[in-house]
Amino acid sequence: MKILKFVQVAILAAAFIPQITLASSGAVHPPAQEWGFKGAFGKFDNAAVKRGAQIAVEVCMGCHSFKYIKFESLKQFGYTEAQIVAMAEGQGRTKKDKMLSAMDAISAKESFGIIPPDLSLMTKARKGYENYVYGILTGYLNEGEAELVAKVMEDETVSKSEALELAPVLHVDATHPEHVKHTLERIGNGDNFNKYFPGQFFAMPSPLSDGAVEYADGTESSLKQMSHDVTTFMAWTAEPTMVERKTLGFKVLIYLVFFTIMLYAVKRRIWAKAH
Amino acid sequence: MSKLMEWVDARLPISDMIKSQATEYPTPKNLNYWWNFGSLALFMLIVMIATGLFLAMHYKPDAQQAFDIVEHIMRDVNYGWLLRYLHANGATFFFIIIYVHILRGMYYGSYRAPREILWWIGVIIFFLMMGTGFLGYVLPWGQMSYWGAAVITNLITAVPVVGEDLVVWVWGGFSVGDATLNRFYVLHFLLPLVIFAFVIVHMWALHAVHSNNPDGIDIVDEEKDTLPFHPYFTVKDLYGVGVLLIIYCWFVFFAPNAFLEPDNYIPANPMQTPAHIVPEWYFLPFYAILRSIDFLGSFSKLAGVIAMVGAICILFVLPFLDRSPVRSFRYRPLSRSLFWIFVANAIMLGWIGYNPSDATAFDGALPLIILGRTGTAVYFGYFVMLFIVTAFKIEKPLPLPKSL
């Protein structure tokens with residue numbers, strides 16, 4: 001009875017939870033993507049991790065590191081000894097080394113103003129998780145959007161209708177054309193705009209574009225495909241023990257459910273004498 | 001074997017103790033499942049101490065290394081990920097259980113005479129748990145660890161006169177840093193053992209006055225009203241542990257980060273404040289009370305801290321605020337309504353504590369701070385109303401059963 005009442009109260013309360021507006025932060029939720037490694041039975045797609053590792057080494061590691069991962073641990077995804085040695089040598093390291101970028105912190109700071117963050121844990125370290133990483137990689141202005149921005153800025157003014165047109169592209173408040181104009185001016189100045197970064201401008205220029213790498217397995221390297229693959233790779237670097245965890249968890253839960261049902265039966269039987 | 005036990009019992013009466021305090025310990029036969037949460041809390045304490053002990057064997061309280069060490073535990077230590085996720089989610093489940101345990105005591109009047117000291121020890125344990133939880137959250141040395149520690153330790157500066165010096169003494173420096181991490185680790189190791197000692201006293205006090213029950217009436221006939229603890233309550237408690245383990249392990253294995261803030265996977269950075277600092281979920285209602293006092297100018301901080309600490313300390317006087325001749329709210333309709341308002345309000349306060357202090361609801365029409373102040377008033381109002389309703393005999397209790 002009391003549980004029912006509690007549930008009642010909880011549901012009533014939940015119905016009244018109003019929409020929250022935050023005074024600060026202009027972050028936009030990146031849309032959810034399909035990830036094969038999510039859910040109780042989710043596993044890493046080894047081919048995707050392998051392709052993602054190629055992007056990580058050829059693109060990301062120009063600036064970023066994966067300091068919790070060693071080159072040789074990529075072997076499990078089908079890289080040969082020779083390929084791994086070559087990858088490591090590309091960064092001036094050996095296969096036993098951690099996947100550290102060849103770029104040192106000081107020159108990174110000179111070029112970008114900040115030290116590029118380590119990427120090992122990135123899919124766990126931001127709100128939105130994998131969807132955020134994917135959102136960032138695909139959240140730069142595409143060609144059509146860039147053309148639209150250029151067209152609007154030709155006369156260096158932003159009309160009300162132009163602001164409305166650009167608002168969904170830039171994720172800014174369309175009721176203030178001044179705000180839209182300010183964003184456009186920063187884009188014009190070459191600042192790195194990204195739809196899904198809180199604050200919309202940050203130090204990283206767009207790292208990927210269609211055909212940026214040539215996949216060893218012949219997969220077409222579209223922006224979406226590459227973003228998906230490298231995010232999958234980063235989900236693995238964030239928690240290489242994930243599959244082990246879920247596999248063990250499945251066994252543990254089957255055991256516990258069985259064990260608890262037995263305990264309940266014993267409890268019923270013992271208490272039958274008491275009533 | 002019996003010869004050996006005779007020899008031991010002549011010197012230390014273990015058999016007697018087990019018989020009178022465990023196997024044959026008379027327990028009210030009408031205890032419902034809400035009474036399982038005491039043994040569940042003990043179970044979680046043991047899980048936390050056991051997993052914590054093994055984590056401590058790998059951890060290093062060094063500001064330069066702590067974050068990497070936690071990842072080392074997650075990746076390189078055999079089943080280190082399991083230990084850490086059991087421990088991190090264990091804190092969450094420990095608090096869920098303890099909140100239900102406290103609310104059960106409040107609903108069935110378990111704090112009433114002759115159980116006041118039993119109740120007080122419980123409140124002390126709750127305080128110690130909050131301290132331990134806070135200290136433990138600092139150890140992974142992520143962004144939320146660091147900034148949570150900075151925000152909470154900064155409250156010490158609200159202490160009049162000595163506050164500024166006191167916080168430097170607590171930090172072991174002029175900001176949260178390596179020395180802070182080191183001492184927090186030492187204290188995080190120590191406090192659970194102190195909790196354990198208080199749990200023993202809690203059980204001693206319990207066994208002196210015996211369990212309350214859902215009807216809140218005294219045992220009239222031990223023969224008819226009670227059952228021996230074993231096997232009746234051992235098996236019932238074990239069944240409860242089974243149910244707990246299913247839910248707990250589901251989180252540990254399939255959603256281990258559900259209760260963790262993503263920011264804590266970013267290494268602590270004193271130069272960069274996170275956009276929104278939130279404490280662990282189990283502090284949120286009290287955090288909301290702290291922030292709701294913002295209208296007293298320079299006294300706001302001190303008043304907020306007093307309100308926050310007072311929100312827990314008021315539990316100490318609860319036994320004397322409740323003047324009803326009846327213990328259990330089962331027979332007290334007005335108190336029961338107040339209780340559910342209190343619970344709903346506490347959940348709302350938690351939600352307010354989770355949101356940034358400048359957030360608004362209903363398209364800016366309702367600043368959350370207003371809701372927070374109202375919630376704080378309702379929180380303390382519960383205790384005032386409970387006193388008024390019972391001391392002035394406004395509440396007419398329903399007739400009590402003669403026996404269990």
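In the predicted model, 22 Å separate the centres of domain 1 and domain 2 of chain B, taken over C-alpha atoms. Domain 1 of chain B covers residues 32-274, and domain 2 of chain B covers residues 278-404. The contact between them involves 33 residues of domain 1 of chain B and 26 residues of domain 2 of chain B. On the domain 1 side, helices H5, H6 (116-138) and H10 (222-225) of chain B each supply at least two residues. Helix H6 of chain B gives the most to this side, with nine residues. By class, the side of domain 1 of chain B that touches domain 2 of chain B has 20 nonpolar, six polar and seven charged residues.

The largest nonpolar core has 79 residues, and those with the most contacts inside it are B:Ala41, B:Met44, B:Phe94, B:Ile97 and B:Ile289. Helix H5 of chain B (residues 80-107) provides the largest share of this core, 15 residues. Both domains of chain B take part, since at least three residues of the core are drawn from each of domain 1 (32-274) and domain 2 (278-404). Leaving aside neighbours within four places in sequence, B:Ile97 is in contact with B:Phe37, B:Leu40, B:Ala41 and B:Met44. Another core, of 43 residues, lies apart from this one and includes A:Phe66, A:Ile69, A:Ile136 and A:Phe197. In soluble globular proteins, nonpolar side chains tend to be buried together.

Several backbone features of chain B were also noted. The peptide bond from B:Ala113 to B:Pro114 is cis, with omega near 5°, and B:Pro114 lies in the loop between H5 and H6 of chain B. A cis peptide bond also joins B:His230 and B:Pro231, with omega about 5°; here B:Pro231 lies in helix H11 of chain B. B:Tyr79 is not a glycine but has a positive phi of about 55°, and is placed in the loop between H4 and H5 of chain B. With 14 other C-beta atoms within 10 Å, B:Tyr79 is partly exposed. Most residues other than glycine have a negative phi, and most peptide bonds are trans.

Between the chains, 39 residues of chain B are in contact with 39 residues of chain A. On the chain B side, helix H4 (66-75), helix H11 (229-254), helix H14 (333-354) and strand E3 (360-361) each supply at least two residues. Helix H11 of chain B gives the most, with 14 residues. The residues of the side of chain B that touches chain A divide into 28 nonpolar, five polar and six charged.

Chain A has ten helices and five strands. Of its 275 residues, 30% count as buried. Among contacts in chain A between residues at least 6 apart in sequence, 65% join residues at least 24 apart. Chain A is divided into domain 1 (44-140 + 196-256) and domain 2 (145-193), and the C-alpha centres of these two domains lie 32 Å apart. Their contact takes seven residues from domain 1 of chain A and six residues from domain 2 of chain A. The side of domain 1 of chain A that touches domain 2 of chain A consists of six nonpolar residues, one polar and no charged.

Individual sites in chain A were examined next. A:Tyr129 lies in helix H5 (residues 129-138) of chain A and has a positive phi of about 50° although it is not a glycine. A:Tyr129 is buried because 21 other C-beta atoms lie within 10 Å, where the cut-off is 20 or more. Helix H4 of chain A (residues 105-112) has eight residues, of which the number buried is zero, so this helix lies largely in the open. Just after helix H4 of chain A, A:Gly113 takes a positive phi of about 85°.

A:Gly42 lies in the loop between strand E1 (20-21) and helix H2 (46-58) of chain A. A:Gly42 is partly exposed, with 15 other C-beta atoms within 10 Å. Leaving aside neighbours within four places in sequence, A:Gly42 is in contact with A:Gly36, A:Phe37 and A:Lys246. A:Gly42 and A:Met99 are 57 residues apart in sequence and 26 Å apart in space, C-alpha to C-alpha.

Methods:
Residues numbered from 1 in each chain as written. Chains lettered and ligands numbered in written order. Predicted model: local features only at pLDDT ≥ 70, side-chain atom pairs only at ≥ 80, totals over all residues. Buried ≥ 20, exposed ≤ 12 C-beta atoms within 10 Å, placed from the backbone. Helix = DSSP H or I, 4+ residues; strand = E, 2+ residues; numbered from the N terminus. Contact = placed C-beta atoms within 7 Å. Nonpolar A, V, L, I, M, F, W, Y, C, P; charged D, E, K, R; others polar. Domains from an automatic or database assignment. Core = buried A, V, L, I, M, F, W, Y, C linked by C-beta atoms within 7 Å.
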